[in-house]
Amino acid sequence: MSIAASLVLFASIWAIVFFMVLPFGMVSQAEDGDVLPGTPASAPANPVIVRKAVITTIIAAIAFSVIWSAINWRLVTLDDVPFLTPPAST
């Protein structure tokens with residue numbers, strides 16, 4: 001796997017994991033009781049984006065290493081996907 005493909009794979013995994021981690025621990029301004037003027041009551045009171053980005057990076061690195069290893073060691077190939085395999089000639 002090339003470096004460019006590895007970067008694209010890691011970025012894709014990171015983005016997916018980030019959107020999965022983002023809602024955890026979210027407290028809205030309405031729940032907190034301190035709604036700032038000009039913001040919706042459902043806006044996060046303290047989003048802690050940096051902490052969530054660090055957690056996302058750790059999870060994405062683990063997932064990336066597993067997927068990269070499976071691809072690099074040929075544990076998974078496109079031949080394993082049934083509809084991509086050409087039919088046997090008779």
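This is a predicted model: local features need pLDDT of at least 70, side-chain atom pairs count only at pLDDT 80 or more; totals for chains, interfaces and linings use all residues.
**Overall build**

- If you follow the C-alpha trace along its principal axes, the protein spans about 70 × 30 × 20 Å.

**Inside and outside**

- Of the 90 residues here, 16% are buried.
- The accessible surface of the protein is about 6800 Å², and carbon and sulfur atoms account for 73% of that surface.

**The nonpolar core**

- Which residues make up the largest nonpolar core? There are five of them, namely I13, V17, V21, A60 and F64.
- Two elements, α1 (3-21) and α3, each give two or more residues to this core.
- The top contributor is α1, with three residues.
- I13, one of the core residues, touches A60, A63, F64 and I67, once you skip residues up to four places away in sequence.

**A closer look at A60**

- You'll find A60 in helix α3.
- Is A60 buried or exposed? Its relative accessible area is 0%, and buried means under 20%, so A60 counts as buried.
- Setting aside neighbours within four places in sequence, A60 is in contact with F10, I13 and W14.
- A60 and V8 are 52 residues apart in sequence, yet their C-alpha atoms are 12 Å apart in space.

**A nonpolar patch on the surface**

- Nonpolar residues turn up on the surface too: M1, V50, V54, I58, I62, V66, I67, W68 and I71 form a patch there.
- Together, the residues of this patch have about 800 Å² of accessible area.
- I67 belongs to this patch and is also among the residues that I13 touches.
- I71, another member of the patch, is found in helix α3, which covers residues 49-72.
- How exposed is I71, and what does its 33% relative accessibility make it? Buried means under 20% and exposed means over 50%, so I71 at 33% lands in between and counts as partly exposed.

Notes: Residues are numbered from 1 along each chain as its sequence is written. Side-chain values use heavy atoms; hydrogens and water are left out. Patches are made of residues with over 30% relative accessible area and no salt bridge: like charges are joined within 9 Å, nonpolar side chains (Val, Leu, Ile, Met, Phe, Trp, Tyr) within 5 Å. Accessible areas come from the Shrake-Rupley method with a 1.4 Å probe; for residues, only the protein chains shown count as cover. A salt bridge is a side-chain nitrogen of Lys or Arg within 4 Å of a carboxyl oxygen of Asp or Glu. Helices (H or I, at least four residues) and strands (E, at least two) are DSSP runs, numbered from the N terminus. Buried means under 20% relative accessible area, exposed over 50%, partly exposed in between (1.4 Å probe, protein chains only). A nonpolar core is a set of buried Ala, Val, Leu, Ile, Met, Phe, Trp, Tyr and Cys residues joined through side-chain atoms within 4.5 Å. Contact means heavy atoms within 4.5 Å.
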